[in-house]
Amino acid sequence: MFYRKEYIDVLTRFGKDGTILPICVYWPDGTEYTIERILDIRRASSLKTGDSGIRYTCMIKGQQTYIYLEENRWFAERKVKA
């Protein structure tokens with residue numbers, strides 16, 4: 001199994017101090033996932049796809065996951081069967 005970059009829609013809140021905080025993630029099939037908590041925000045590369053951006057470590061449905069802001073687009077790591 002390997003991973004690929006999957007562009008996603010993300011509902012965000014922009015703070016008056018310039019912070020960008022994701023609230024909900026929308027998968028391409030229309031499934032909506034509410035972000036319960038943001039654990040960390042930092043510039044980082046995806047170890048699974050090799051792409052980089054601002055990595056948001058989030059809790060979604062009780063599980064830790066990463067979403068990335070790459071310039072002006074969001075992506076996630078999607079599992080793909082070989």
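Is Tyr7 buried, partly exposed or exposed, and what is its relative accessible area?

Reply: Tyr7 is partly exposed, because its relative accessible area is 32% (buried is under 20%, exposed over 50%, partly exposed in between; 1.4 Å probe, protein chains only). This is a predicted model, so local features need pLDDT of at least 70 and side-chain atom pairs pLDDT 80 or more, while totals for chains, interfaces and linings use all residues. Residues count from 1 along each chain as written, and side-chain values use heavy atoms, without hydrogens or water.

Start with the ring of Tyr7. Phe75 is its edge-to-face partner. The ring centres are 6.4 Å apart, with 75° between the planes (rings of Phe, Tyr and Trp, the last by its six-membered ring, pair with centres within 6.5 Å; under 30 degrees is stacked, over 60 edge-to-face, the rest tilted). This pair bridges distant parts of the chain. Tyr7 sits in strand S1 and Phe75 in strand S6, 68 residues apart (strands are DSSP E runs of at least two residues, numbered from the N terminus). Phe75 is buried, at a relative accessible area of 0%.

A second pair belongs here. Tyr66 and Tyr68 have ring centres 6.4 Å apart and planes at 50°, so this pair is tilted. Tyr66 is partly exposed at 28% relative accessibility. Tyr68 is buried at 1%. Ring pairs join Tyr7, Tyr66, Tyr68 and Phe75 into a cluster. The structure has 4 aromatic pairs.

Tyr7 also has a charged neighbour. Arg73 lies over its face, 3.6 Å from the ring centre (NZ of Lys or CZ of Arg within 6 Å of the centre and within 35 degrees of the ring normal). Tyr3 has a charge over its ring too: the charged end of Lys48 sits 4.5 Å from the centre.

Asn72 lies between S5 and S6. Asn72 is exposed, with a relative accessible area of 67%. Its C-alpha atom is 9.8 Å from that of Gly53, 19 residues away along the chain.

Now the strands. Six of them close into an antiparallel barrel, in the order S1-S2-S3-S4-S5-S6 (pairing takes at least two DSSP bridges). S1 and S2 (residues 20-26) pair over 6 bridges. Cys24 in S2 is the bridge partner of Leu11.

Next, the core. The largest nonpolar core has 12 residues, among them Ile8, Val10, Val25, Trp27, Ile60 and Trp74 (buried Ala, Val, Leu, Ile, Met, Phe, Trp, Tyr and Cys, joined through side-chain atoms within 4.5 Å). S1 (2-14), S4 (52-60), S5 (63-70) and S6 (73-80) each give at least two residues to this core. S4 gives the largest share, 3 residues. In soluble globular proteins, nonpolar side chains tend to be buried together.

Beyond its neighbours within four places in sequence, Ile60 touches Val25, Tyr33, Thr34, Ile35, Glu36 and Thr65 (contact is heavy atoms within 4.5 Å).

Thr57 is in S4. Thr57 counts as buried because its relative accessibility is 5%.

Notes
Helix = DSSP H or I, 4+ residues; strand = E, 2+ residues; numbered from the N terminus.
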